[in-house]
Amino acid sequence: MGKTTLARVVYGMVSKQFEACSFIVDVREVYEKAGKDGLLQLQKQILNELLMERDVNIHDVDNGVLMIKNRLRHKKILLVLDDVNKLGHLKKLAGEHGWFGPGSRVIITTRDKQLLVTHSVNEIYEVEALDDDEALQLFSLKAFKKDHPAEYYAELSQAFVSYAKGLPLAIEVLGSFLFNRSIDEWKCELDRLKEFPKRDILDVLKISFDGLEALEKNIFLNIACFFNHMDQDSVIKILGYLELYPIIGLSVLYEKSLLKMNHNYLWMHDLLQEMGRDIVRQECLQDPGKRSRLWLYKDINSVLTENTGTKAVQGIVLDLFEPKEGLFPFDTCMVIVIPGSEIPEWFSHQSINWSLIVNGNEIRMPESGVDITTIASDHILLSYCSTTYLRDRFSKSLVEYDANGFCEIGIRFEIDYGDKWSKEVKKCGFHLLYKEDIKDPIPTDSDSDSTLVTEGNKVKQSRDEYDGAGPSGEGSSNDVPHPKRIERPTEFGNSDSEESSEYKDCDEELSDVQ
């Protein structure tokens, strides 16, 4: 059950043990509606109920403080202050233990743990989410007016309970809304919730968000849109680059129960995450290019392919956790050697040395199986490997991205000088071959349409600006997937020569946030 409900239960159980009792509901809301007059109103309610008088006369808030201390200090009372969000309110309503008689109890419900710590309360109890059985029982009481689902509604009831993730507020809102509705209406509402959460739920959850400072709001929205379930250290590093002062900001979110940590991983309740994402959607419902954050494929694809992005866009992240199918449905690695001294420009990332670095893992390429021991002139070795050939953690690394949608990829070719048959490498290069490239012609400098989003400056950059080797001749790629090009095998090329060449390492860190 929720904080207020739990407080009411306790109040009902123990109220007979006190001389007088008072339950003050929605302290925050009363103050927001009436300001200082609201505090005066609350003080009058406390005195009226605890002194059991009809109309106590209070001149102002300070006079109310004196009256509470003087007239209740010898009386054993039970006072509940519900939904307090300001320390100043507590100081005017229940400032110190000595305000009330021996044996008195004051119960405070709040979204802000730090408020209770600062006020030096005796004990703090954090309300936990309902377990599955409790959640289903509460939902059934609201939806069917009994403690179990009606016939034929059991599976749908479980689906709604699962959506609520143990949050009593969501369970009550959904159960009440679905009362006396047909199965078809239930199914339609379940589908609708996936895209349009219940406004009644979001509005209540948003109360805590509205109380945050601007930097804390940005941290919350970034986590809701991009970083939920990531390890805290990585998130602190990313948010630090954005100058959001994450160490203190995350502490505030923890204190307000907007965020939790589980084994150093950030955890935000699904409905809180949905509330945060809804805030971003509300920035511009019709045009995702005018929103501050993009995380859905359809929105990212629309903005990038239609070039509708604006300065409002602060971040774009596309999660691709599941490995994708390679270009060919079977394991394959092909190697050929042809005469030549120049690697085609299509192998856009070029340098020297021999190994592939993906997301910090070094992937040793398979033996070529090609006899090049008799080559006496410059030749090019072309190697193609599908992602399915690079099994286990290697193929997985090729399709995983960090929190900003980047994949760290570097390439290094090395010569084993202990092998008498080895050839020295003059240059090397690689190109990520997308499945869509089979349908499209190989891009040239003039017709390239690929797009890159960089984290540091949050800018878009065309492939013809990016794919060439850098000034030093090194090649690397902080590879962000083309909206239409997700599935990727990899192709490599290197040029062999009898001439000696200086060893050159091009293993680069390609993401600012790694």
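I take helices (H or I, at least four residues) and strands (E, at least two) as DSSP runs, numbered from the N terminus. With that settled, I opened the structure, which is a predicted model.

**Overall look**

I counted first: the chain holds 18 helices and 18 strands. Next I checked burial and found that 46% of the 514 residues are buried. For contacts, I looked at pairs at least 6 apart in sequence, and 73% of them join residues at least 24 apart. I also noted the accessible surface, about 26,900 Å², with carbon and sulfur atoms holding 50% of that area.

**A charged spot**

Which residues form a negative surface patch? I found Asp131, Asp132, Asp133 and Glu134 there. I then followed Glu134, which sits in helix α7, spanning residues 132-143.

**A proline in a loop**

My last stop was Pro288, in the loop that runs between α15 (270-281) and β6 (293-294). Is Pro288 buried or exposed? Its relative accessibility is 9%, so I put Pro288 down as buried; the cut-off for buried is under 20%.

I wanted to know what Pro288 touches. Setting aside neighbours within four places in sequence, I found Pro288 in contact with Leu294, Asp299 and Val303. I also looked up Ile300, 12 residues from Pro288 along the chain: the C-alpha atoms of Pro288 and Ile300 are 8.0 Å apart.

Notes: Residues are numbered from 1 along each chain as its sequence is written. This is a predicted model: local features need pLDDT of at least 70, side-chain atom pairs count only at pLDDT 80 or more; totals for chains, interfaces and linings use all residues. Side-chain values use heavy atoms; hydrogens and water are left out. Buried means under 20% relative accessible area, exposed over 50%, partly exposed in between (1.4 Å probe, protein chains only). Contact means heavy atoms within 4.5 Å. Accessible areas come from the Shrake-Rupley method with a 1.4 Å probe; for residues, only the protein chains shown count as cover. Patches are made of residues with over 30% relative accessible area and no salt bridge: like charges are joined within 9 Å, nonpolar side chains (Val, Leu, Ile, Met, Phe, Trp, Tyr) within 5 Å. A salt bridge is a side-chain nitrogen of Lys or Arg within 4 Å of a carboxyl oxygen of Asp or Glu. Lys and Arg count as positive and Asp and Glu as negative; His and the chain ends are not counted. The place of a charge is taken as NZ of Lys, CZ of Arg, CG of Asp or CD of Glu.
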